[in-house]
Every structure is written in structure tokens, then in C-alpha cells.
Amino acid sequence: MARTTKDIINEAEEIVRDLSLKQVSTWKEETGGKAVGCMPVWSPRELLHAANILPVGIVGGGDGVEIIKGDAYFQSYICQIPRSTIELGLNGSLSPLDGMIFPSICDVIRNLSGMWKLLFPETPAWYLDMPQSFDAIGVEFFSHELSRLLGEFAEVSGHLPTNDELNESISLYNINRSLIEELYDKRRKAPWCFPVSEGYLVIRAGYQLDVESHNRMLREYIDAAANSDAKAIDNARVVVVGSFCEQPPLNLIRTIERSGCYVVEDDFTLGSRLIKGAIATEGDAVENLARAFVEQSREAAFIYREEEKGKELVEKTKTCNAEGILCCAPSFCDPALLDQPMIVSAIEKSGIPYTSFKYAENTGQFQVIREQTGTFADSIKLWSQE
Ligand code: SF4
């Protein structure tokens, strides 16, 4: 019998809230494979999958871990995610992992990678140097970087994948990306049937599931939610931007919804959909992956292209008929907060209403945010009507 959305969401939430990675341990026992943690935002999951390694998205401890030792490693003016990640490492929650990838998105992650090597010398920790040139040189550089990593992944798992195996893995992740896009597309059309808090959980569960299982969960959820009998209400359609790395607490996302907003586009769990469209599956798989990152990645605070910042955000807001933008960034997140003046300038030029606020992954008080986003939604409904 087909499961209801409630059943699927309950399962997804249980996976997301399980900081001890039980799902990952089970996968390892059943398959004999290895597992590698991937810090935000993006890691070459296709290479890991082909090497028989489960890529596990690590996004800190959210509101589920008490920081006891983690604070000692970072200054007070640093975001929350590295503290809770260190805490999870020290309390043994991440012990199912056979390695960790730290992408070069900011100084905090760079420093965390160094600390990891000192704290856990027995576990491989890879620093993933991302391209700074978004052209042919960037593709060449990143192909070398990914090839280097692939060799090191193979040493961990004992399996160096062939080019055909790599292309098969890319195909599976292409299906994953297209299912996630289908979910976003359906949410844009009928956000009352596809609430953002549900979609968030179903996508985020994929951080711990193998891609085949995640594809099944996405398909099942999309089909179940499409049959929802929820009725549209007069909410404001908004885009959320700034939450690409440290994730807001689930209750903050629910608070935004309950305050009268339909979130029709966002950058939560951005790694799952950073690459737009399908990645080529003919020819050199590593080069195709590098090229996709350089040529097909979305606008994001940690990516420095020459194009005007905020342009894609404004276009996206218009194409999904959103009426406003919520700039919702983690406290002390340098990339997001340095980006904000540039994107705000683009938003102001476009005339789209916006408001901004900050959070931490363990924020527990939502009333102020509820009042702010609720007032924002009301003002859109009252004063943005033609
Ligand atoms: S939240 Fe921002 S500053 Fe902190 S690790 Fe992520 S990108 Fe870096």
C-alpha cells in the first residue's frame, strides 16, 4: 500500500535528526562499503558513489547537540556549524565515517579541515580546492583536483572505478537532481500541497541515504503530495536566500510558513541542487563533473563569477512569481553577509520587497522572526497589490 506524505516525512525527519548516523552504519554493514562525510556546500558525490563510498552530508548538529567542547576551538564571532561539527567528532557521533571532505568555501571550513587533521589523525581529511576561474582554466584545474581526490577515495575503499562506472554514478545523480527540480517545480505551482518544511526534510534525508534509496523516497513523496487535498490560502510567495551552508532549525522553516509565507524557492541544502540540469554522461567523467561545476553551478555566496551578484536571484524571483525575498543568513557567516550588500543592491534596483534576519542552527526563539516575516507577508498582501 502506498505510504502517505505523513509517513514519508516522519521517516525523513527521523533520518535528519539522527546525529549518530545509524542509517550510515546500517548501509556499511549491508554493503561492506565505506562512508565519507561531506561538509557544505558541494562535494563530488558521483566520484564517491562510483568508488563504493557513501557520501554523507554533514551540516553540523542543528538544534540537537549541546556544545560542550566545540566552543573552545573557535572564537565567539564565528558561525555555529564548525563548533557543533567538532562536538559531534569528539563525542563519537561521526565514528561511522571513514573520511571527511572540507570544500574551500570559506576560512572557517579551511581552519576546520586543519583542526580535523590534528584531532583525528587516523581518519583521512581532504581539503577540496574549488576553482576560482569559471572558464577553461577552471575546468582544467578542477579536473586535476577531482582526479587527485578520486585516487585517494580509491585508496580508502579499495576500488578505483572505471570511466563507465563513473558515468553510471553521474546518471544516478542526474535522476536525483531532476527529481529535486520536479519537487521545486511542483512547489512553485502548488505550494499548499508541497510545503517547504516537508520538501526540505525529504531532500535533506538524502544527506544520509544512498542515492538509489533517496531517488525512491523523492518519487514516493512527490506522488503522494500531488494527491494532497490541501487548499490554497492567501499567503505571500517568497524566495529565501542565504541559508546555503549552516541550515536554519526546522522550526524556523516551519515558522516562516506559519507566518503566512509560501517559500517557492530557497537555497537550503544547496549542495543537492548546486549543479543546474543534467551532467554529461559521455566521455571523460571526471572532466564532465569539473565542467558542470564551472559552467552549470547556481549563483551562490561562495562562488565568485564576474557576473553581477543578485542577477540570478532577481530573475528567479520573477520567474517563480514570488512577491518578496527573505535574506535569511547564519550569524557570522562571512560569505553570506559579504554577499548581502551586493544582492540587496540588485533587489532594490528590481523593486522587489525584501527583509533580512539572521539565525543560528540552534536558535530556539522564533517569535521575533515570526513577527518579522508575518508583517512582511502582510505588507506584501496589503501594499503590493496593483
Ligand atoms: S556558515 Fe558561512 S562562515 Fe560558517 S562555515 Fe558556512 S559558509 Fe563558512
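A residue is near a molecule or strand if its C-beta atom, placed from the backbone, lies within 6 Å of it. In this predicted model, 14 residues surround the ligand, and the closest are Cys79, Cys106, Cys245, Glu246 and Cys333. Local features of the model need pLDDT of at least 70, side-chain atom pairs count only at pLDDT 80 or more, and totals for chains, interfaces and linings use all residues. Residues are numbered from 1 along each chain as its sequence is written.

## The shell around the ligand

Helices (H or I, at least four residues) and strands (E, at least two) are DSSP runs, numbered from the N terminus. Helix H5 (107-119) and helix H13 (334-350) each give at least two residues to the shell around the ligand. The largest share, 3 residues, comes from H13. By class the shell holds 12 nonpolar, no polar and 2 charged residues. In this division Ala, Val, Leu, Ile, Met, Phe, Trp, Tyr, Cys and Pro count as nonpolar, Asp, Glu, Lys and Arg as charged, and the others, Gly among them, as polar.

## The parallel sheet and a second strand pair

Strands of a sheet pair through backbone hydrogen bonds, either parallel or antiparallel. Here two strands pair if DSSP finds at least two bridges between them. An open sheet is formed by 4 strands in the order E2-E1-E3-E4, with parallel pairing. Its edge strands are strand E2 (53-57) and strand E4 (125-128), each of which pairs on one side only. On average, neighbouring strands of this sheet are turned by 25° against each other, direction ignored. Angles between N-to-C directions run from 0 to 180 degrees, and axes are lines fitted to C-alpha atoms, for helices over the stretch in contact. Strand E1 (residues 34-38) pairs with E2 in the parallel sense over 5 bridges. Gly37 has Val56 in E2 as its bridge partner. Helix H5 packs on the sheet, where it touches strand E3 (100-103) and E4, and its direction makes about 155° with that of E3. Two residues are in contact if their C-beta atoms, placed from the backbone, lie within 7 Å.

Strand E5 (residues 236-241) pairs with strand E6 (residues 261-265), again in the parallel sense, over 4 bridges. Arg237 stands opposite Tyr262 in E6. Of the 6 residues of E5, 5 are buried, and the strand is mostly covered. A residue is buried if 20 or more other C-beta atoms lie within 10 Å of its own, exposed if 12 or fewer, and partly exposed in between, with C-beta atoms placed from the backbone.

The expected span of a helix is 1.5 Å times one less than its number of residues. The table sets this value beside the span in the model.

| Helix | Residues | Span, first to last C-alpha | Expected span |
|---|---|---|---|
| H11 | 12 residues | 15 Å | 16 Å |

Helix H11 (residues 285-296) is largely enclosed by the rest of the structure, because 9 of its 12 residues are buried. Among these buried residues are Asn288, Arg291 and Phe293. What covers the buried residues of H11 includes helix H3 (45-50), helix H6 (136-157) and helix H7 (163-189).

Two packed helices are described by the angle between their axes and the distance between the axes. The axes of H7 and H11 come within 9 Å and cross at roughly 35°. In this contact, Asn163, Leu166, Asn167 and Ile170 of H7 meet Ala285, Val286, Asn288 and Leu289 of H11. The contact residues divide into 5 nonpolar, 3 polar and no charged.

The buried residues of H6 include Phe142, Glu145 and Phe153. They pack against E1, H3, E2, E4 and H11. After H6 comes Gly158, whose phi is positive, near 80°.

## Backbone exceptions in loops

Most residues other than glycine have a negative phi, and most peptide bonds are trans. The peptide bond from Pro40 to Val41 is cis, with omega near 10°. Val41 is placed in the loop between E1 and H3.

Asn52 is not a glycine, yet its phi is positive at about 65°. This residue lies in the loop between H3 and E2. Asn52 has 18 other C-beta atoms within 10 Å, so it is partly exposed.

Phe332, also not a glycine, has a positive phi of about 65°. The loop that holds Phe332 runs between strand E7 (324-330) and H13. Phe332 is partly exposed, because 18 other C-beta atoms lie within 10 Å.
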